[in-house]
Every structure is written in C-alpha cells, then in structure tokens.
Amino acid sequence: MKGYVIYKIKSGRFNGYSYLYVSFGKKRFLLDTGCTKTLLFKEYKDRVVKHSKTSITAISGKTKLKSWDISPIHLDLSLNWEVKNVVYVDTEFLNISGIIGAAFFEQFQCVIDFPKKLVYVRNIM
C-alpha cells in the first residue's frame with residue numbers, strides 16, 4: 001500500500017485474553033481501539049510536566065489511575081509524526097511501553113490486515 005508505514009502485528013495472551021501488539025525495537029505497544037487515548041507507561045516518565053495532571057478511569061469504571069497529559073509527542077515508532085491525545089500513566093502493564101488507542105487511529109489512517117498480521121499507518125495531516 002503506497003504511502004503507508006507497515007508494522008508486523010504479534011499476538012500474546014494474558015489471563016485468558018488475547019491481545020495484539022506491534023514492536024519498535026525494544027518497545028512494544030498494545031493495539032486497543034477501545035481505549036480512548038494513547039497511553040504511555042514507565043519509559044516515558046521523563047516527559048511528564050507536573051502541571052499536566054489528568055484522570056484516567058480503568059475499564060472497571062471504578063479504578064482511577066495517576067496520569068498526566070503529555071501530548072502532543074513524537075513517539076519512537078519509526079515515524080516523525082506528532083501524536084495527539086497522549087497520556088502518561090504511572091503503572092506497568094503486560095511489560096509493554098504503552099497502548100495505542102482510538103485517538104491514534106482517528107489521527108492517522110490505519111488499516112489492520114488480520115490474515116497477514118500487518119498494520120499499515122499513514123499520516124493524513
């Protein structure tokens with residue numbers, strides 16, 4: 001697909017659930033269209049600005065997580081694109097660097113090819 005950056009999708013299992021992720025060097029990002037924003041974890045703590053505190057509610061609807069708005073940001077995704085709607089969350093989860101959420105899929109044109117296990121991403125800004 002012309003003009004797209006292509007990433008290989010890998011899969012994993014956790015507590016009986018399957019998940020999809022993409023790797024960029026040593027960093028792994030879960031793909032989750034049900035997550036409103038893009039979330040970054042421990043490796044991005046140095047990018048937090050104290051006055052940017054926000055609130056994220058976990059899927060249970062009861063658990064509030066310590067978080068800070070750090071957008072816009074250039075992620076280390078082999079892209080030189082500024083990503084918006086990014087939040088740093090002070091937690092560790094599945095030994096991943098973050099979650100690429102719905103905001104990313106709205107900002108960029110993405111095609112997920114499940115049979116070939118590829119995701120195509122194109123900047124539409």
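Figure 1. Strand β2 covers residues 17–24 and runs antiparallel to β3, with four bridges joining the two. Strands pair here if DSSP finds at least two bridges between them. Strands themselves are DSSP runs of E, at least two residues long, and helices are runs of H or I, at least four residues long; both are numbered from the N terminus. Two residues separate β2 from β3 in a hairpin. Gly25 sits in the turn, with a positive phi of about 65°.

The model is predicted, so local features need pLDDT of at least 70 and side-chain atom pairs count only at pLDDT 80 or more, while totals for chains, interfaces and linings use all residues. Residues are numbered from 1 along each chain as its sequence is written, and side-chain values use heavy atoms, with hydrogens and water left out.

**Figure 2. Strand β3 and its parallel neighbour β10.** Strand β3 spans residues 27–31, and four of these five residues are buried, so the strand is largely enclosed by the rest of the structure. Buried means under 20% relative accessible area, exposed means over 50%, and partly exposed lies in between (1.4 Å probe, protein chains only). Strand β10 (residues 98–100) runs parallel to β3, and three bridges join them. Leu31 has Ile100 of β10 as its bridge partner.

**Figure 3. Strand β9, covered on both faces.** Val86 and Tyr88 lie on one side of β9, Val87 and Val89 on the other. All four are buried. Strand β4 pairs with β9 in the parallel sense over three bridges. Leu39 stands opposite Val87 of β9.

**Figure 4. Two loop residues with positive phi.** Asn85 is not a glycine, yet its phi is positive, near 55°. The loop that holds Asn85 lies between β8 (82–83) and β9 (86–89). Asn85 is partly exposed, at 39% relative accessible area. Lys117, also not a glycine, has a positive phi of about 55°. Lys117 belongs to the loop between β11 (108–113) and β12 (118–123). Its relative accessible area is 43%, so Lys117 is partly exposed.

Figure 5. Gln107 is placed in α1, which covers residues 102–107. At 7% relative accessible area, Gln107 is buried. A polar atom of the Gln107 side chain lies 2.8 Å from the backbone nitrogen of Lys84. Such a polar contact is a pair of N or O atoms within 3.5 Å; within protein, one must be able to donate a hydrogen and the other to accept it, and residues adjacent in sequence count only if both atoms are side-chain atoms. The C-alpha atom of Ala102 is 6.4 Å from that of Gly34, although 68 residues separate the two along the chain. Gly34 lies in the loop between β3 and β4 (38–40). Gly34 counts as exposed, at 66% relative accessibility.

Figure 6. The whole structure holds one cavity of 30 Å³ or more. The largest cavity contains about 60 Å³ of space. Its lining has 10 residues, and Tyr7, Val22, Ile100, Phe104 and Val121 are the closest to its centre. At least two lining residues come from each of β2, α1 and β12. A cavity is a set of points on a 1 Å grid over the protein atoms alone, where a 1.4 Å probe fits but cannot get out; lining residues have an atom within 4 Å of a point. Grid points are joined across faces, edges and corners, and a volume is the space filled by probe spheres set on the points.

Figure 7. A search of the whole structure finds zero disulfides, meaning pairs of cysteine sulfur atoms within 2.5 Å. Cys35 is buried, with a relative accessible area of 14%. Cys110 is partly exposed, at 22%.

**Figure 8. The whole protein and its confidence.** The protein has one helix and 12 strands. Of its 125 residues, 41% count as buried. The average pLDDT, the predictor's confidence in each residue from 0 to 100, is 79, and 83% of the residues score at least 70. Strand β5 (residues 53–57) has the lowest confidence, at a mean of 66, and β11 the highest, at 89. Where pLDDT is low, the predicted coordinates should not be read in detail.

Definitions and conventions. On a 1 Å grid over the protein atoms alone, a cavity is a set of points where a 1.4 Å probe fits but cannot get out, and a pocket is an open set with protein on both sides within 12 Å along at least five of seven lines; lining residues have an atom within 4 Å of a point.
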